[in-house]
Amino acid sequence: MKYSTTLNVNGIDYPVEIEAERSLLSVVRTEIGLTGPKEGCDDSECGACMMLLDGKAVNSCSYLALQAQGHKITTIEGLSEGDDLHPLQANFLEQGGVQCGFCTPGMLISASALLQANPSPTEDEVRIALSGNLCRCTGYDGIVKAVLITAGELAAQGA
Amino acid sequence: MTVLRPATLAAALAARSEHPGALLVAGGTDAMVAINSGRLRAEVTVDLTGVGELASWSRSGSTIRIGSGLTYTRLIAELGDLCPGLAMASRTVGSPQIRNRGTVGGNVATASPAGDALPPLVAAGAVIELASTDGVRRVPIGAFLVGPKRSLLAPNELITAIELPVARGPQQFSKVGPRNAMVIAVCSLAVDVDVASRRVAVAIGSAGPTTLRALEAEAVASAAIDWTTGALGDADLARFAALVAQAARPIDDVRGTAAYRRHALAVLARRSLGWSLEALRRAVA
Ligand SMILES: Cc1cc2nc3c(=O)[nH]c(=O)nc-3n(C[C@H](O)[C@H](O)[C@H](O)COP(=O)(O)OP(=O)(O)OC[C@H]3O[C@@H](n4cnc5c(N)ncnc54)[C@H](O)[C@@H]3O)c2cc1C
Ligand code: FES
Ligand code: FES
């Protein structure tokens with residue numbers, strides 16, 4: 001049996017017809033067509049599928065799409081303003097926080113959730129915030145640096 | 001599969017009694033992994049995240065009542081002072097994203113021997129509140145947890161809350177695993193010191209069919225501690241640690257051998273009680 005529902009992704013309402021057991025990740029990728037969020041494991045282990053649900057990061061591979069009704073969903077596509085990169089994205093590029101790029105959408109989502117909740121994190125806090133995101137390429141250092149630099153930039157702008 | 005999304009506890013209980021085989025989903029961090037892997041099939045799923053009554057906690061006198069749907073993230077932020085042992089254990093669960101969704105009730109219902117919320121709840125003598133359309137019953141957690149992934153939860157019941165005393169003294173939780181995040185415990189240990197009744201309680205995780213108390217170790221420590229100063233001799237501390245290791249019933253599995261688990265538990269026991277008594281000495285000094 002299929003359910004008709006509406007999912008609000010990056011500020012846009014998408015009507016979808018889906019089976020109850022579908023994960024949010026599979027619906028966003030295949031019904032809505034936003035393929036930024038990746039499926040690395042489908043098991044909550046790798047973090048490549050991370051999305052914001054009302055501002056909090058969740059592993060969308062293990063979230064029922066139907067549970068997301070009525071919540072605001074943000075994917076990596078919602079982070080930049082058109083072609084203007086989010087400062088986190090710019091700093092990931094700058095600091096070598098991206099190599100193959102598979103983990104990057106999830107890393108950016110987890111990092112943006114962190115900076116929303118805690119605008120001036122310590123290095124330890126950054127590492128804890130990203131502990132559910134695996135990267136097979138970069139060794140994490142460039143990623144952690146990029147987040148810390150972004151926090152510093154945002155603080156300087158705010159001041 | 002059909003998904004029901006009750007908005008009130010009464011509606012959730014009605015759904016549960018109408019569809020006793022239904023899969024309950026709170027945070028979904030255990031349930032969805034099982035669905036994705038095809039290990040779990042359910043005709044009807046009941047999503048509990050819309051039931052606000054389950055997601056809150058309250059205090060009455062010296063008792064804390066934690067709604068089964070309280071997430072680890074909220075527990076850590078809001079109950080760190082009142083239930084420090086449970087908050088310490090909650091900080092070790094998964095990743096921040098898992099803690100945003102995972103609930104204490106889901107951990108109790110899963111009844112995994114490796115469930116990290118269980119040792120502090122067992123050590124504190126928590127009581128599980130179960131409800132159905134027939135009424136409410138309260139079961140001590142030690143009786144509720146029957147075996148690996150087996151509990152006294154009846155097919156028409158929900159876990160509505162977990163009750164435990166406000167900390168009566170220092171508490172500790174420690175866990176052994178290959179990484180600091182995203183690990184299932186190789187073994188874990190909770191210590192709960194009740195200063196007023198001069199009693200130490202210890203619970204062991206991931207080293208037996210279910211969470212275990214170490215009763216002999218508790219009796220030895222409770223009798224040997226000088227409760228006016230918080231002092232405990234090295235020999236007594238060593239004896240306590242050895243008795244904790246003896247109380248475990250570990251097996252060899254992919255995460256570790258039985259012998260390693262016993263060894264690690266003795267180390268955790270010695271350190272955890274040592275840290276607890278240090279805190280006690282600071283408090284009485
Ligand atoms: C990547 C990852 C890492 C993890 N790391 C840890 C860890 O470090 N330590 C640890 O202990 N666990 C860990 N877990 C397991 C899981 O996150 C916890 O057990 C969590 O507490 C489950 O809560 P939940 O709300 O997500 O449960 P759900 O998945 O929603 O439910 C779990 C089970 O409980 C039942 N249930 C839920 N609520 C109720 C209720 N109110 N009444 C009756 N039954 C109910 C469900 O039907 C289901 O059978 C991890 C899981 C993942 C995916
Ligand atoms: S795909 Fe979701 S965590 Fe790996
Ligand atoms: S850049 Fe390749 S996995 Fe992170």
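Which helix of chain B supplies the largest share of the shell around ligand 1? That is helix 6, with four residues. Before I go on, please note that this is a predicted model.

Let me place the ligand. Ligand 1 sits between chains A and B. Around the ligand there are 33 residues, and the ones that come nearest are Leu24(B), Ala26(B), Thr29(B), Tyr72(B) and Thr103(B).

Now the secondary structure. Helix 6 of chain B covers 104-110, and it is one of the elements that each give at least two residues to the shell. The others in chain B are strand 2 at 23-25, helix 2 at 31-36 and strand 10 at 158-165. In terms of domains, chain B contributes at least three shell residues from domain 1, which is 2-165, and at least three from domain 2, which is 171-284.

By residue type, the shell consists of 17 nonpolar, 13 polar and three charged residues.

Next, the polar contacts. On the oxygen side of ligand 1, one oxygen atom is 2.7 Å from a side-chain N or O atom of Asp30(B). An oxygen atom of the ligand is also 3.0 Å from a backbone N or O atom of Gly94(B). For nitrogen, a nitrogen atom of ligand 1 has a polar side-chain atom of Asp116(B) at 2.7 Å. As for burial, ligand 1 on its own exposes 970 Å², and 90% of that is buried by the protein.

To recap, we have a ligand between chains A and B, with helix 6 of chain B giving the largest share of its shell.

How values were computed. Residues numbered from 1 in each chain as written. Chains lettered and ligands numbered in written order. Predicted model: local features only at pLDDT ≥ 70, side-chain atom pairs only at ≥ 80, totals over all residues. Heavy atoms only, no water. Near = heavy atom within 4 Å. Polar contact = N/O pair within 3.5 Å; in protein donor to acceptor, adjacent residues only side chain to side chain. Areas by Shrake-Rupley, 256 points an atom, 1.4 Å probe, with all protein chains shown as cover. Nonpolar A, V, L, I, M, F, W, Y, C, P; charged D, E, K, R; others polar. Domains from an automatic or database assignment.
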